[in-house]
Amino acid sequence: MKRLVWALSLTGALVAFGAAAQPIKIGVTISKTGPAASLGIPQSNSVPLMPAQVGGQPVEWIVLDDASDTTKGVANIRKLASDDKVDAVVGSSITPVSLAMIEVAAEAKVPMITIAASSKLIAPMDDKRRWVFKTAQNDSLMADAIVAHMVQSGVKSVGFIGFNDAYGDGWLAEMTPRLEAKGIKLVATERYARTDTSVTGQALKVMAAKPDAVLVAGSGTPAALPQKTLKERGYAGKYYQTHGVANADFLRVGGKDVEGTILPAGPLLVAEQLPESNPVRKVALDYTKAYEAKYGPGTLATFGGHAFDASVLLANALPVALKTAKPGTPEFRAALRDALEGLKEVVYTHGVATMSPTDHIGQDERSRVMVTIENGRWKLLSPTN
């Protein structure tokens, strides 16, 4: 099967610009402020790196801030779909907001590419989710990797501290059966809010259960709080986090307390450490170079890559939709949805995607690596680590 590869040009047009054409409008609603700002800011920063033209047509990116708020996210997608008449929507940054947006996407029949993590956003497939696609790795794919590492490391018991929202719900639902299948006991389950400033009670309850390891199911900088609290209280077991923490802000806030943490991540996080044979390496390094040229060395965050990957999917699907309909019409939205669903072997910064009517993320093991934090930096773990 022929591989679709977007020949990315971050400084110029993808194709020669012809006569004036109806612009393709893409709405973007992300969490530039609020508790998920450490995710949304690099995603917003990635928009200027997205193509201004695709298939001979201008592309207009309309960016709104949902402030990490469900109500605001719903209002944004309604405005984008009805007032701005966008051809597709990218967002939101986090699972709770994205889940709430699905209803509007289906109602307006506008393709939505979420950049949040939970597999609940695209599964089980139904009439509403058929309009939703996804770039951030499913928590199920990452949970497999975490449990495999726990087994390899001899972990027999685990404590869980997760967000008290859909993100934490999703991770607990994914981890519980996987731990049971491997004979690992879940000895404590605690939850906290993204906006909490103390989790001392939860940490003490987890420590009382004496687990071999603790998994923190949070994202962005709020995920550092449980680990810092456990460290302060003297917990000396293994620490696992999810791919929701893979950015420099987490390292900054966590400091020495997150040294040695183990987590799954998209390959973009350690692109330079990937083998030359890895198909993702070049695409990820190109994005890294462009991002850091604009925002400075060390500013890269994997969350920005999820947003950028949405533009890669669109750049492959839009030319197909343009063959059958004009932008700004219901027919074009439908054609674009169909084109996204038909994408095969699209290489982007976080892996390789092959969509289908029942799989609207299309990722496999090429979309994850295991990493640790060593001397304040991300380090790729070999399969035997």
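Analyst: Leu300 lies in the loop between α9 (280-295) and α10 (302-322), where helices (H or I, at least four residues) and strands (E, at least two) are DSSP runs numbered from the N terminus. The model is a predicted one, in which local features need pLDDT of at least 70 and side-chain atom pairs count only at pLDDT 80 or more, while totals for chains, interfaces and linings use all residues. Residues are numbered from 1 along each chain as its sequence is written, and side-chain values use heavy atoms, with hydrogens and water left out.

Leu300 counts as buried because its relative accessibility is 16%; buried means under 20% relative accessible area, exposed over 50%, and partly exposed in between, with a 1.4 Å probe and protein chains only. Leaving aside neighbours within four places in sequence, Leu300 is in contact with Leu268, Tyr287, Thr288, Tyr291 and Glu292, where contact means heavy atoms within 4.5 Å. The C-alpha atoms of Leu300 and Leu268 are 9.3 Å apart in space, although these two residues are 32 apart in sequence.

Two of these partners, Tyr287 and Tyr291, lead on to another helix: together with Tyr295 they are the residues of α9 that meet Pro42, Asn45 and Ser46 in α1. By class, this contact of α1 with α9 has 4 nonpolar, 2 polar and no charged residues, where Ala, Val, Leu, Ile, Met, Phe, Trp, Tyr, Cys and Pro count as nonpolar, Asp, Glu, Lys and Arg as charged, and the others, Gly among them, as polar.

Two packed helices are described by the angle between their axes and the distance between the axes. Axes are lines fitted to C-alpha atoms, for helices over the stretch in contact, and angles run from 0 to 180 degrees between N-to-C directions. Helix α1 (residues 37-46) and α9 pack at about 95°, with their axes 11 Å apart, and α1 and α9 are therefore roughly perpendicular to each other. The cut-offs are under 35 degrees for roughly parallel, over 145 for roughly antiparallel, 65 to 115 for roughly perpendicular, and oblique for the rest.

A second pair of helices can be read in the same way. Helix α2 (residues 70-83) and helix α3 (residues 95-108) pack at an angle of about 25°, with axes 8 Å apart, which means that α2 is roughly parallel to α3. The α2 and α3 crossing is right-handed; a crossing is left-handed if the near helix is turned anticlockwise from the far one by less than a right angle, and right-handed if clockwise. On the α2 side, Thr70, Gly73, Val74, Ile77, Arg78 and Ala81 meet a group in α3 that includes Pro96, Val97, Ala100 and Met101.

Ala81 and Ala108 are also among the contacts of Arg333, as are Lys85 and Lys109, once residues up to four places away in sequence are set aside. Arg333 belongs to helix α11 (residues 330-341) and is buried, because its relative accessible area is 12%.

Most residues other than glycine have a negative phi, and most peptide bonds are trans. Lys109, in the loop between α3 and β5, has a positive phi of about 55° although it is not a glycine. Lys85, placed in the loop between α2 and β4, has a positive phi near 55°. The peptide bond from Gly91 to Ser92 is cis, with omega near 0°, and Ser92 is in the loop between β4 (88-91) and α3.

The last pair is α4 (residues 139-152) and α5 (residues 166-181), which pack at about 40° with their axes 10 Å apart; that angle makes α4 oblique to α5. Again α4 passes α5 in a right-handed crossing, and the residues in this contact divide into 8 nonpolar, 2 polar and 4 charged. Met150 in α4 and both Trp171 and Met175 in α5 are among the residues that meet there.
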